[in-house]
Amino acid sequence: MMCIRVDCANIGKCQLEGVRRVLCKFSCTTTRMRFVWDAMDAPINLELLLHFLEFIPLLKELIVEDATNQYNEQNLGPSGHIQSNPNLEKLTIPSSLMDNVQFDLARLAPNVKTVNLSTTGKHLWTALHLVGAQLQSMSLKTETKGVFRQLWAIEPYSLKKLHLHRLCSDLMEPTDFKLNDVVVFFSQCRALTVLGLELQIPCSVIQLIANSCPTLKSLLVYEIEDGWTLLNKLQQFENLESLTIKVAHFEMRPPEVQDLLLIRLRDLTLDGVEFENPFDFFSNLGQIAPGLRTLQFAQYDDSCNERYHLTVLKAVLQVKLSHLSKLVLLDNASYFPSHVFNQFNLFPRLKELRLAYCGLSAWNRTIVVTGLERLSLDIYELTTFQLRNLLKMFPSLVKLDVVEPEDPLRFSIDDLPRTALLCDFNIKKRGFNILDEWML
């Protein structure tokens, strides 16, 4: 694996020669390359990337990242024409390249099997139609309306993994004329083992897709008005293992969904979901998804009062999930009540916990949580005193991640309890707490 990061658009001959020597030295062993364009004053230099690829003939995987997210359509120089790389099987390409008329994905990697593409769909489909019959894994990310229309003409016989980001742009109503093509496309996915969708559509469209593609394993839906109706429809996806629901509302549970069962569900993420009665949902979650292993719950609705947030937290901590091994709780508008840490002992298989809160309330008792091995804390105003108490509270820790505590320079091994010496201790910079990434 080789990584090349470019942070200056004007690269001199001496620097290019240095890179060329390195590439030539490892040309027979390099099979993966990550090219990072971090020169903020200029669009990505396609010619430079192609020049580097000439020295790595055995490359199998290429990952391109672009911090500028802008492109130009200037003609390539005579030395910058695209050569075929027959060994390239896996590509990750940003929109700045996919939207450039000079970039030809099919010519660059004629034998590609896995593509992870971000694009507006401007110059995408010709290339995908050329390589579509051999693709085994495809991830398309775009927010342009109507961009998936030409996708449905691809014959997906070889596909094993498919992730479509923002499919909602094409599928808004069951009577939409494009849905006929969609049904044909999904019905051809005979070899599909993982199908990931991101949908902002009515439950009736989800029903239609469920009828034509029962093999779906991963699903993200957002802006759902009736969460119970959604779960009722999802029962048709008998292989569903991962579900993410963003921005939804759960009213009182209707009688017709008393026997809800998602038997294969292993991972559940609830992001910005509102409940009329949180206990009504979480008290039945063990029955709905008895095999659940990962639960992530994020609240970001500042309009809700503190009492509601605490009610939801109490409902989450009382859920009966015997197989739960990872729990993620994010609430950047509230404090985590430290006295409820003992509730984590109710999860017999819990190994990993992540908390992201404004702060921790004061301790008022001695608590010990056994079994927990990984703890990640993104707590504003986390004090040294609180960290010491946390380390005493979790004697089985193997790894502890803390995000920008009170004063990182003041932390000393001598000041930490003896149990801290038995685990990896990492201090990280603060990032985004909201769950805005979704991966297959």
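Colleague: Which residues do ring pairs link into a cluster?

Modeller: Please bear in mind that this is a predicted model. The cluster joined by ring pairs consists of Trp228, Phe250, Phe275, Phe281, Phe282 and Phe297. In total, the structure holds 15 aromatic pairs.

Colleague: How is a pair of aromatic rings described?

Modeller: One gives the distance of the centres and the angle of the planes. Here, Phe336 and Phe341 form a tilted pair, with 5.0 Å centre to centre and 50° between the planes. Phe341 also pairs with Phe344, again tilted, at 5.9 Å centre to centre and 55° between the planes.

Colleague: Are Phe336, Phe341 and Phe344 buried or exposed?

Modeller: Buried means under 20% relative accessible area. Phe336 counts as buried because its relative accessibility is 0%, and Phe341 is buried because its value is likewise 0%. Phe344, at 2%, therefore counts as buried too.

Colleague: Which residues touch the most other members of the largest nonpolar core?

Modeller: In soluble globular proteins, nonpolar side chains tend to be buried together. The largest nonpolar core here has 70 residues, and Phe282, Leu329 and Phe344 touch the most other members. Helix α11, residues 306-317, gives the most to this core, namely 6 residues. A second, separate core comprises 47 residues, among them Phe35, Leu59, Val64 and Ala127.

Colleague: What does Leu329 touch, leaving aside residues up to four places away in sequence?

Modeller: Its contacts include Phe297, Leu313, Val316, Leu317, Phe336 and Phe344, and also Arg354, Leu355, Ala356 and Tyr357.

Note on methods. Residues numbered from 1 in each chain as written. Predicted model: local features only at pLDDT ≥ 70, side-chain atom pairs only at ≥ 80, totals over all residues. Heavy atoms only, no water. Core = buried A, V, L, I, M, F, W, Y, C linked by side-chain atoms within 4.5 Å. Buried < 20%, exposed > 50% of the residue type's maximum accessible area, 1.4 Å probe, protein only. Helix = DSSP H or I, 4+ residues; strand = E, 2+ residues; numbered from the N terminus. Contact = heavy atoms within 4.5 Å. Phe/Tyr/Trp six-rings, centres within 6.5 Å; stacked < 30°, edge-to-face > 60°.
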